[in-house]
Structure formats: structure tokens, C-alpha cells
Amino acid sequence: MGGASVALAGCATAPSVLRPESAPQHTLATLGWWLIIVGSAVIVIVLAIELVTLRHRGRTVADTPLVASPGSTRGIVVGLAITAVVTLAFFIYSAVVLGATERPRGRPGAKIEIIGHQWWWEARYLGGTPDQAVATANELHIPIGVPVALQVTSADVIHSFWIPQLQGKIDVIPGIRNTFWIRADTAGTFHGQCAEFCGLQHAHMMLTVTAEDARSFQRWLAAQSAPAAAAPPSDTAAAAGGRAFMSSACALCHTVRGTGAHGILGPDLTHVASRHMLGAGAVRNTPGALNAWITDAPSLKPGADMPRIDLTPATMHAIVAYLQTLR
Amino acid sequence: MATATTERLTERLSDLWETPHTLRGVLGTVDHKTIGKRYLVTAFLLLIAGGIEALVMRVQLQVPNNHVLSPEGFNQAFTMHGTTMILWYALPILSGFSNYLFPLVLGARDMAFPRLNAFSYWTFLFSAIFLYTGYAVGLGPDAGWFAYAPLTELRYSPGANMDYYALGVIFLTISSTAGAVNFIATMFKMRAPGMSLGRLPLFVYGTVTASFSIIFALPALSVACAFLYLDRHFGTRFFDPGAGGQALLWQHLFWIFGHPWVYIIVLPALSFMSMVIPTFARRPIVGYAWNALAVVITGILGFGVWVHHMFATGIPPLALTFFGAASMAIVLPSAVSIFVWLATLWYGRPVLTTAMLFALGFIILFVIGGVSGVVTAAVPFDWSVTDTYFVVAHIHYVLIGINVFPVIAAFYYWFPKMTGRLLNEALGKWNFWVMFIGFNLGFFPMHISGLLGMPRRIYTYPAGLGWTAPNLITSIGAYLFAVGVLLFLVNVFWSLRRGAIAGNNPWDAASLEWATTSPPPAYNFAVIPTVGSREPLWEERLGLGRLSRIDEGPPLDSDRVTLQTSTLDGFPAAVQRMPEDTVMPFLTGLAILATFYGLVTTAWWLAIAGGVLTLAAIHAWLWPVRTIREV
């Protein structure tokens, strides 16, 4: 699992919910900080009271006479009143934040359909004509500074879509199409991960969101919507690999737009070489790892549907060369 | 009618109540003290099993990209850990104390339904054996303790793993329901004369509130598990969205059970602390009625917060706001309990025994768990922390803080009553500090790994996401916590042989269980005491005069009988004939076990045979025996 032992590309620091990179997460994080600060104060105050109550300690039960005074319940009433005020304040604050973040303000800069699979993310960019269709996996791109509308559902079990620094979570539930939105206000690549236990490889159901300025995003979208370029005739290995891809098991499960491969079980590979990782964060997308992945995916990601593919080394090499051309 | 204790009386009572030391006696006893101790030992063994599963997980997660466990091994370990701890340890351990103590605290000779009591123990034991059979043969449940459909459906979980879960849970609910009915009936009908509801030891409020919650909450769980089993084996489609079912149906059913369950497994423990804290604060509790009401209100509010676990499922904002409000409101009764204990300490003269240290530690952990509970009740921020290690930290502060710490406190407190010997106090203090420091070292950093974006239930994680350090610290803390639990076990085994002799009332406590010998005789009290105040053993020193009669009262030695009293005021109402020992509850439990083995292996002949045997055993159990007696 060589690739997994290094940080995901562009995510060298922790995807902390308290280091927001978007307006909505900023609102959530501010609420979070207030909860943490006031909550910590409550803990410290109770600890202090408890320690003060120990000032008149008895040494043993036998030499400490019983206290017969009735004591006063005034402290209980005051404590209850303070608790009620603080929790009510937080309830109102939460309700306000809920109202403010529930729906995006402004026109969405992109509409994406997210479909959870065991164990990868399918993303379809909506709104274009059919020939502009963009289908990719595990690595989203969005424009910064505008909301992005999401429709999320699942092809199998329940997952949860989560980019900690951009937004809260939305569960990805089969039979239900949840609407959600994300937004990024700084450029960068942000780590995300499935948050609802979804089976054997729940740990390897990661995704990234790359936020970029509008022009870069449009360029990326245009490139992704293009059908696969035919391998240059000079690159004989890639051309042979393309033919091998179409005639082997690959094309049964994967789509490469513009070719005869129309499989729908696995990720769309039309621009697979533009992605940084394979297997939803399992390994880095390098020629060597790609070769290993095709040869024996189950050893890199036990339980994944991608089967072992038995090909001659030469054919394997050609297919890898072909996939490298799918930029 | 009032009689003082005489040797002739105690001899006669022993003849009537003692269980012979034979195999038949072992399998047939209905003595609540034996049953209570069995519950305690069995539940503690399950705590150790669940603890080992947790330690294995912490070894796997202590460094990134670790390979100690396979993904399947990890998923079974965390599912078994959660299921064991939450369902098979947390309530049964409390039922153990309540079983042992209810009749003693109430001044009765046994529980209201002694045979049902034996039955609830045997079904608890057999359901645990059933669950662990699956794990032993490599078919341990592996979809998490809340087992969200449709991952649990046959298509995604083809092995029998989730059948062991669904059937094991149904099996356990039989036990828990029987136990709950018994606690309720015992509380309402078996109190010593004079023990009106206002004089009830606070201990009892927690267990009875939890028992009512059990009766209303558990059916949802049994139904959900039955639906799952039907989906898996009989072609129903309750949770299959592709065929008109609903994935979220499981979550609603599960959490309608699940959130009340959280209170079911903490309220009795809180109430234990309402006994321990006044004893060692050397004064009656301040705010008795506040505390009793807080417990009952928590139990009721617990039914209004289930969606609290589903804030990210896409539920409309109005519903989210409602359930957010309910989740916040439940803070209030908890706060009342905290302030009651603080006021009791404030106006008392606290003595720092080991039991008291665990109680004081519990108060702080309860507050931390309560605060992180408010964090998750703030709906928008819950979208950030739900399903992360923050929630893992929260549930462990709640469940270890408000269940395990009180349980250890209760052991230090009541062990002398059960065994006649005190646990070692010097070792006890080590025990407390190692557990307390280990716990916080282990679980506090989980808040941080959660905030750093680490989801729960991942079997490994890459380096470079900032999760490495908190995970290493968590693992070290977990190992230290395990050493603390080990110190407790050492103390128990050492003290069973060499502990100081306790005497009747080593802590100079106020409630009735301390009026009888340690350990108590089979009949508990030679004469039925009469209660005139909340603190019968303190009342004279509190200047209330001699209101209770402990050593004189009706001996009820004509037969195996105890006194029934009126529901509210505790007026003597009837003399209740108590059943003798019988192996029928044991045999019924065995027959049910056979039925469940038949269902899990889909060996229908075995399931049917087990079902028929179950009916036959119940028949034999309930068959009226004609006896002629002189009363």
C-alpha cells in the first residue's frame, strides 16, 4: 500500500472543521468555538466547585459525625436557572445558524450529482447538453466564491458526503435524493471522506475537492467534457493498449467516452490520467501503481469490486500506456 | 405480631429460604442475591471481552497504515465491542446491582417474581453465548452496533454475521423486558411497611425509571431486528429502497429504542451515586425531590430525542430545530442531578474513600460528557462532528463516565455487603487514579481527532492528515485504562481472601441493606422492618427520633412468604407466598437458545423443535402444584 502511506496530494495538513475554507463552514466553526469555549468554562467551574466542597473533609467515616442541618436547595435553583439560560442561548444561536446555512445565497456556480458507491464517489456535472456530460470519480473541481449545488444519492448502502473544511455532512442514502450545497472561498485541494460506515473499505472512500478560480474551473470542465482523444499513431504501445482495453474485461465495467467502452459498474475513465489517486484514496495514480491496481486491486483494497485481471505483461504495459493518454 | 430475632426464628427461616448446594440448587435457585452476583460476574466478563476488542482496535489504530487487523477483523472488532458494551454489559451490570440490592434496600425477602428473575438471568447468559458463538466461528457482526440498513441486508452482508446480531439482540430483549417488569413490580408492591414513595431510597428511582423506558423502548428494537431477519430470509423488503422499502425506517426504529437506551444504561448508575455520595458526605442528600424528579423527567424526555442521531440524513429544518430543542432540554434534569450532588457535598463533610473518589470523578466526567452532548445537540455544528471521533469521545465520556465509574464505585461500596469483606482501600486509590488518568488520556484526544476530521469506524488512516499524534496518545491512554481495570480485578481477588471483615455497616450508611449481616442471610431480614424516614439507620442521630423499627416486626416464618404493601404509601396489604427454586427457567432459556441456533443456521427443524420445547418448558413452569397448607 505504498501510495496510501503518504499524504493525499494537496492535503498536507489536517482537514480540521475548525479551520474553515468556506463561508458556511466558517459559520459552523464559529458556533463550534463558542460551544467549546463556554463548555470548557462550565467544566472548569464545576471542577472548581467540586474541589471547594472538599474543604471540610472528614478523615474516616468513623470519626466524622453526621451533619443534620437540612442544607439549602438555593444553589440547585440558581444552577438550574443558569444552565437553562445558557442552553436556551445556544439553542437560539444554533437555530439562527441552521436558517442561515440551510440554503445557499446566490446562483450556484455548478450543479453536481454525487452518487455513493461501495467504495468510491461518482460525480456527474449537470446542466450541460448530453454531449457536454462530465462524469468523474473521487476528485471534484468547483469554482471558488460561489455555491455549488449537490444532489446526492447512493447506488448501494448509506454513505455520508463530507468535506470537513467546506461544509457539514449530508448522508448519501439509497432511494433518497438529498439536496445539499458546498462552497469554497479559497483556492486549494480539500480532503473529504465518507463519514457513514459503509462496509469493508469505509476507510478507503476518500475524495478531494479542488477549488479554483472560475476560468480554471471552466477550462477543467471543458477538458473533462471532451471525449477521449484517440491515442497518437506514433505511440504504438498506447494504440495497442486501447485495442486491448476495448476487447478485454475493462470495457465491460468502465466507460471511456468516445470509444466503445460503455460499462457502468466502475468509475468513468475518460480522463483517468488527470486524477491524482486510484481507488478513492487507496493508492497514488502513477504508472507503476496503475499497473499494480489493474493486476491485483483486491490486494491493494481488499473487498473492492475491481477484480484481478490476468494479462500478459506486454498487454498490461500497453493498457497502462493507453490509460496514461486519457488526460 | 412484632417479634425480635431469635435463634429459633433464624433457623426456621433458613430452612424455608436456603438453596441446597446441589446441581439442582445451582441451576434452580431463585435467590435474588445469587442471581444478582451472577449478573455482575457475567456482565463484568463481557466488559473484559469488549475491552479486549477495544485494545485490539487501539493497537491497529496507534500508527497510520497499520496491518495488525484485516479490514474484516477490525469491522467485527468494533461491532462486537459496541454491541457487547452497550447491550450486553452496560444494562446487565446495573441489573446485577439492582437485583442484589432491590429487596435489601426495600426491606423485602426477594423480588416480586423470583422465577422470572432467574429466567431473565439465564436468557441474558444464553444470549451472550449465542452472540459470541458467531464471533468464535468467524461470523461476528460487522456492520456497527447500530447496524444501518441496507448494509445489513443479505446483498451487502451475505454471511450469517448480521443474523447473529439480529437474533442475539431479540434474545437479549427477552431478558431485559422480563427484568424490567420485575423491578417495577418489586418497587411498587414489595416495599417494607412505611416506605412511602417519598421515603424510597433514590437508588430505586433510577432503576425503575429505566425499567419503564425499557418496556416502551425495546419493542422498537425487537421489531427492527425481526424485520431485518425477515428481509434476509423470507423475502420481505422493509429496508430495501429498490423494492419500495425505506433505508431510514431502520434508523427511526433503532433510535426510538437507542436514545432512551442511553438513559436506561446511565440512570440506574446515577442513582447508585445518589446513595454513595450522601453516605460519604455524611449527611442526607440535599434536594431529594429534585433528584428523584430529574431522573424521571430524563427518562421521559429520552423518548423525544431520537432524531438527534439523524441530523445529517436530510431531514427538514423545522424537524431538526424541534429535535435540537429536545436534545438541549434534556441537559436541564442532568444539571439538576449535578447540582444536587454538589450541594450535598457542599453541606456535608466528605470522606474520600475509594468509592467516593470514583463518584467525584464520575461527576466531572458526566459534566464533560454533558457538554460534548450539547455540542452535538447544536444541529449545525453536529453536521461537522457527527460520525467523527468527537462522537466516539462523547459516547465514551457518557458511557464510561456515567456507567463504568459509578459501577466501580458501586463495587467498592457494596462489595462488603455481598462478600463480608472490604476491598483494599490503598490499592483502590491506585485503581482510581490509574483509571481516571488513563481514561482522560485515552478519550480526551478523541475529541481532537474528531475535530481534525477523522471519521469513526475506519480501520486505518494515512499519515499526514494530522491524526497520527492524537491516535497514538489515545492508544497509550487506552492501555493505561486497561491497567486500571486490571488493578480493580487484582483488588477483588485479593480482598475476597484477605480483605478486612466488613461487619453489617462498614460505611455507617443510612439505608436498610446495611441493617442486615454482610453477606445477608438467604431470607435477608429475620423480621420485616418498618420504615419511618428516608434514612432509617441515621434518623436518631439526625434528631428525628426513632421512627423506624429495624429489629422487630412481623417474622413471617410460617411459610416462604414476604409482605406486600400498598403502591403509594407502603401500608401492609397482603402476605405474598413466594415460589421455591425450580430449574424450569433454566430449561426454558436453554430451549430458547436451541430455537435461536436453529434460526441462525436456518435449520428449521431445530428452530421448530426449540420452539415446541420452549412452550413445553413454560407449561411445566406454570403448571399449578396442588398443595394443602395451613396459614
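This section describes chain A, its interface with chain B, and the domain arrangement of chain B. The model is predicted.

Chain A was considered on its own to begin with. Its secondary structure comprises 7 helices and 12 strands. Along the principal axes, the C-alpha atoms of chain A occupy a box of roughly 95 × 50 × 35 Å. The radius of gyration of chain A is 27 Å, whereas a compact globule of 327 residues would have a value near 20 Å. Of the 327 residues in chain A, 46% are buried. Among contacts in chain A with a separation of 6 or more, 65% join residues 24 or more positions apart.

Confidence was examined next. The average pLDDT of chain A is 91. A score of at least 70 is reached by 96% of the residues. Residues 1–11 of chain A, by contrast, stay under 50 in pLDDT. Where pLDDT is low, predicted coordinates should not be read in detail.

Chain B is itself divided into two parts. Domain 1 covers 3–240 + 247–582, and domain 2 covers 585–624. The C-alpha centres of domain 1 of chain B and domain 2 of chain B lie 29 Å apart. Contact between them involves 16 residues of domain 1 of chain B and 11 residues of domain 2 of chain B. On the domain 1 side, α2 (23–28), α5 (114–136) and α6 (161–189) of chain B each give two or more residues. Of these elements, α5(B) gives the most, with 7 residues. The side of domain 1 of chain B that touches domain 2 of chain B divides into 10 nonpolar, 4 polar and 2 charged residues.

Definitions and conventions:
Residues numbered from 1 in each chain as written. Chains lettered and ligands numbered in written order. Predicted model: local features only at pLDDT ≥ 70, side-chain atom pairs only at ≥ 80, totals over all residues. Domains from an automatic or database assignment. Contact = placed C-beta atoms within 7 Å. Helix = DSSP H or I, 4+ residues; strand = E, 2+ residues; numbered from the N terminus. Nonpolar A, V, L, I, M, F, W, Y, C, P; charged D, E, K, R; others polar. Rg over C-alpha atoms; globule rule 2.2 N^0.38 Å. Buried ≥ 20, exposed ≤ 12 C-beta atoms within 10 Å, placed from the backbone. pLDDT = per-residue confidence, 0-100.
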